[in-house]
Amino acid sequence: MIKCQEIKEILSVMVDASLDVDDFDANQEGSIEISQKRFQKMCEVLLNRVKNTLNAALHNSNFNTTEINKVLHVGGGSRMPMIKQLLRNMFPDAEHCIEEHPDEVVAIGAAYYAYSLPSDS
């Protein structure tokens, strides 16, 4: 799992990566090559789920994509080129704010939200 996570991270900044087979099975040699394009094809179902979730949120809020003027890219997935492109395609007229540390932005947002919740005491 860790090796696969590393490959996903590599593919966020490079066009291809490889996985050494002998890391998993000492009796075999070789490597498995994977490109960003192939990885995106493998993730197509998940990308469609993200797009459907965004469309549902827009529908529930009575907004359409042209009414969104700013998109904040946060969280680990926002590092992935395919997610960035999906958001740019869905919101072409919006300003896309991409943070250097997207995981920290999520933590800060959660802290602000927790602070705003009513206290039981």
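1. The areas themselves come from the Shrake-Rupley method with a 1.4 Å probe, and for residues only the protein chains shown count as cover. Please keep in mind that this is a predicted model, where local features need pLDDT of at least 70, side-chain atom pairs count only at pLDDT 80 or more, and totals for chains, interfaces and linings use all residues. Residues are numbered from 1 along each chain as its sequence is written, and side-chain values use heavy atoms, with hydrogens and water left out.

2. The surface around I10. With a relative accessible area of 34%, I10 is partly exposed. I10 belongs to helix α1, residues 2-11; helices here are DSSP runs of H or I with at least four residues, strands are runs of E with at least two, and both are numbered from the N terminus. Together with V13 and M14, I10 makes a nonpolar surface patch of about 290 Å² accessible area. Patch members need over 30% relative accessible area and no salt bridge; nonpolar side chains (Val, Leu, Ile, Met, Phe, Trp, Tyr) are joined within 5 Å, like charges within 9 Å.

3. S12, in the loop between α1 and β1. This loop residue is buried, at 17% relative accessibility. Contact means heavy atoms within 4.5 Å. Not counting residues up to four places away in sequence, S12 touches Q36, R79, M80 and P81.

4. The largest nonpolar core. A core is a set of buried Ala, Val, Leu, Ile, Met, Phe, Trp, Tyr and Cys residues joined through side-chain atoms within 4.5 Å. The largest one has 18 residues, and the members touching the most others are I7, L11, I34, F39, M82, I83 and F91. At least two residues of this core come from each of α1, β1 (16-20), α3 (44-61) and α4 (81-90). The top contributor is α4, with 5 residues. For F91, the contacts beyond four places in sequence are L58, T65, I68, V71 and H96.

5. Which residues of β3 are on its covered face, and which on its uncovered one? V71 and H73 are covered, while K70 and L72 are uncovered. In a regular strand, side chains alternate between the two faces of the sheet. Strand β3 pairs with β4 (residues 95-98) in the parallel sense over 4 bridges, where pairing requires DSSP to find at least two bridges between the strands.

6. L72 in more detail. L72, in strand β3, is partly exposed at a relative accessible area of 46%. Outside four places in sequence, L72 contacts C97, E99 and V105.

7. Salt bridges. The rule asks for a side-chain nitrogen of Lys or Arg within 4 Å of a carboxyl oxygen of Asp or Glu, and 2 salt bridges result. K41 pairs with E44, with 3.5 Å between the closest N and O atoms; K41 is exposed at 55% and E44 partly exposed at 38%. R79 pairs with D103 at 3.1 Å between the closest N and O atoms. That pair links distant parts of the chain, from the loop between β3 and α4 to helix α5 (residues 102-116), 24 residues apart. R79 is partly exposed at 38%, and so is D103 at 41%.

8. A backbone angle to look at. Most residues other than glycine have a negative phi. N62, however, has a positive phi near 60°. N62 sits in the loop between α3 and β3 (70-73) and is exposed, at 69% relative accessibility.

Conventions. Buried < 20%, exposed > 50% of the residue type's maximum accessible area, 1.4 Å probe, protein only.
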